[in-house]
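Here is a friendly tour of a protein model, with stops at its surface, its pocket and its charged pairs. Take a look at the structure first, and then read on.

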Amino acid sequence: ELSPGLHWRWPQPFERVLRKRVDLVRSVQIGFRAPRPAAQAPDDVAALPIEWTSEHADENYQPRPDESLVVTGDEVAVEITADVQFRIADLERYLLENAAPDEALRSIAEGVIRETAAALPLEGLLTDRRSETERRCLETIRERTRDAALGVEVVDLNLLDLHPPRSVVAAYRDVADMLEERERLINDAEAEYAQALLSAAGERVIRRLSAPEAPAGDSHAGGTTGNRSNWTLDDAAWKELSRFTGERGDERFVHLAGDAAATLLQAREERTRSIEEATGAASRFRSLLAAWRSRPALTGLALYWQAMEDTLASRPLTIVDPDVAGRQHVLLADPLDLGGGALLAPALGNEHEPPEAAAPMGN
């Protein structure tokens, strides 16, 4: 190896001078072949991410599916393209001890990428574990390159294009859409669940059920939305939730509210009304019993006529004029219902208007 300056060497074929720029950053492409733009600086080796739907229609771009197709840890095929940057660390070893050091470095990098991807799930490679994957691959490539004595120094590794095979990208998009739809449905169900419980039992009960370990009386523990606790509504829990307190006229539930409280309050109102009506009927019966014992004949007659009045008050009555001579027939039905509407029409007036029912007899 010659130092900078002028040197006298034997001409060919006695000696051959090989010149290489050892400080130049070179690259090895994995999964594709494309020349680096002439305007790109040697150290400007970073590349922007490529979209899944990219057709890679750049000029002189040549895909290499045999290098890019990789199987992940969950046995899913994925396409990975990478770019390995390196410098020449030992020029003599790089030029004279290796027939094709660039190809050897490409083979090492491809094997490391396949090995690392096979230990990770696809979701991790596509999302939050991409940087970790690049770092692990870079460390392993540097270690194996030193063991292979290629005479190079690996500078960096970039995973340029990492996505499922383009033939199934549409299916992956559908899966992603369905996952988003699943999350939306779960959120809607959580909201409906919270709304139903809020309207049925009230906020205090939901907080109570969401945090059953909270001390008694702590109605602010727990949450009211998105907290589907595995609670069981047993007798003890229901007794606590439906606890009633307050003075008469200002009674209320301690925890319960909403539709459940309204239903229970209505039931309590119906119970009170039924009890009061039964109590009044019992008091009336006891007062009648005392009157019956004091005046049984008179009280019995009054009760009889009261029962008759109650029975006949709502029934239709037929009044027969005693001054009408001749044979009389009492029809216990409406003449119009017996088919005599046409014959009785002159006597009834307007045939389209039915006869008025007889008024009930008054007291």
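Predicted model: local features only at pLDDT ≥ 70, side-chain atom pairs only at ≥ 80, totals over all residues.

Together with Tyr304 and Trp305, Leu301 makes a nonpolar surface patch of about 360 Å².

How exposed is Leu301? Its relative accessible area is 46%, so it counts as partly exposed, a class that runs between 20% and 50%. That value also clears the cut-off for joining a patch, because patch residues need over 30% relative accessible area.

## The largest pocket

Rolling a probe the size of a water molecule over the atoms shows where empty space is left. Here, the largest pocket has a volume of about 720 Å³. Its lining is made up of 20 residues, and Glu1, Leu2, Val17, Leu18 and Leu91 are the ones nearest the centre.

Which element gives the largest share of this lining? That is helix α2 (residues 91–96), with 4 residues. Sorted by class, the lining of the largest pocket holds 10 nonpolar, 7 charged and 3 polar residues.

## Charged pairs

Side chains of opposite charge can pair when their charged atoms come close. A search of the whole structure turns up 13 salt bridges. One of them links Arg9 and Glu15, whose closest N and O atoms are 2.9 Å apart. Both partners are partly exposed: Glu15 has a relative accessibility of 24%, and Arg9 has one of 44%.

Another salt bridge brings together the side chains of Arg129 and Glu132, at 3.4 Å from N to O. Arg129 is partly exposed at 28% relative accessible area, and Glu132 is also partly exposed, at 30%.

For Arg135 and Glu139, the closest N and O atoms of their salt bridge are 3.5 Å apart. Why are these two residues separated by about one helical turn? Because they sit 4 residues apart in helix α5 (residues 130–148). Arg135 is partly exposed, with 44% relative accessibility, and Glu139 is partly exposed as well, with a relative accessible area of 45%.

Salt bridges can also share partners, and in this way Glu181, Arg184 and Asp188 are joined into one network.

Notes. Residues numbered from 1 in each chain as written. Heavy atoms only, no water. Patch = residues over 30% accessible without salt bridge, like charges linked within 9 Å, V, L, I, M, F, W, Y side chains within 5 Å. Areas by Shrake-Rupley, 256 points an atom, 1.4 Å probe, with all protein chains shown as cover. Salt bridge = Lys/Arg side-chain N within 4 Å of Asp/Glu carboxyl O. Buried < 20%, exposed > 50% of the residue type's maximum accessible area, 1.4 Å probe, protein only. 1 Å grid on protein atoms, 1.4 Å probe; cavity = no way out; pocket = protein on both sides within 12 Å on 5 of 7 lines; lining within 4 Å. Points joined across faces, edges and corners; volume = space filled by probe spheres on them. Nonpolar A, V, L, I, M, F, W, Y, C, P; charged D, E, K, R; others polar.
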